[in-house]
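Let's take a look at this protein together.

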Amino acid sequence: MLALLKLIQSIFSTLNSEGTPGQVAAGIALGACLGLTPLVNVHNLVVFALIFVLNVSFGGGMLGWALFTPIGFLLDPLFDRLGMALLDSAGLRSLWTAWYNTPILPYTNFNNSVVLGSVVAWLLLVIPIFFGARSAVTVYRERWGSRVMESKWYKAVTASKAYNVYRWFRPE
């Protein structure tokens, strides 16, 4: 129950944060990489670093991760086929061989068809995700943000004892 309240509160605080819609959208777009691709890989370490270093919304990154993880699992068969097609491509075989024989690059797991396919798919989708998220955050803030914050449901969640206990332990 507390985890659900924490997630709901995190989503609304991110959507209503002082960050620009572009900062939230950039965080969501980077978080989408974490959700779409298998987690334990070098490229995700780079994405985590970018979320921390760049002026993007950390909450947006975590929201993108949460939103795109189930989508990533659903699309794994498609990512596998895309990755296999790229790995089996005769024109790219010398590239894969060179990458595999280069220090550090084998740790990226790009020889795994799901990893390669999901990273390529994310690279193709990152710009549409960014613009879609920016538009969605803008529409939410203009049309629904104040209504949600004033709703009985939101006030009940924030007034609940479980939420108040969570706020005691929440890092500021």
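## Where two helices meet

In helix 2, Leu30, Gly31, Cys33 and Leu34 touch His43, Asn44, Val47, Phe48, Leu50 and Ile51 of helix 3; contact here means heavy atoms within 4.5 Å. Sorted by class, that meeting place has seven nonpolar, three polar and no charged residues. Ala, Val, Leu, Ile, Met, Phe, Trp, Tyr, Cys and Pro count as nonpolar, Asp, Glu, Lys and Arg as charged, and the others, Gly among them, as polar.

## A look at Ser118

Ser118 sits in helix 6, residues 113–150. Is Ser118 buried or exposed? Its relative accessibility is 0%, so Ser118 counts as buried (under 20% relative accessible area, with a 1.4 Å probe and protein chains only).

A polar atom of the Ser118 side chain is 2.9 Å from the backbone oxygen of Val114. Setting aside neighbours within four places in sequence, Ser118 is in contact with Leu36, Thr37, Pro38 and Phe79.

## The whole chain

The protein chain has eight helices and zero strands, where helices are DSSP runs (H or I) of at least four residues and strands (E) of at least two, numbered from the N terminus. Of its 172 residues, 36% are buried.

## About the model

This is a predicted model, where local features need pLDDT of at least 70, side-chain atom pairs count only at pLDDT 80 or more, and totals for chains, interfaces and linings use all residues. Residues are numbered from 1 along each chain as its sequence is written, and side-chain values use heavy atoms, leaving out hydrogens and water.

Notes: Buried < 20%, exposed > 50% of the residue type's maximum accessible area, 1.4 Å probe, protein only. Polar contact = N/O pair within 3.5 Å; in protein donor to acceptor, adjacent residues only side chain to side chain.
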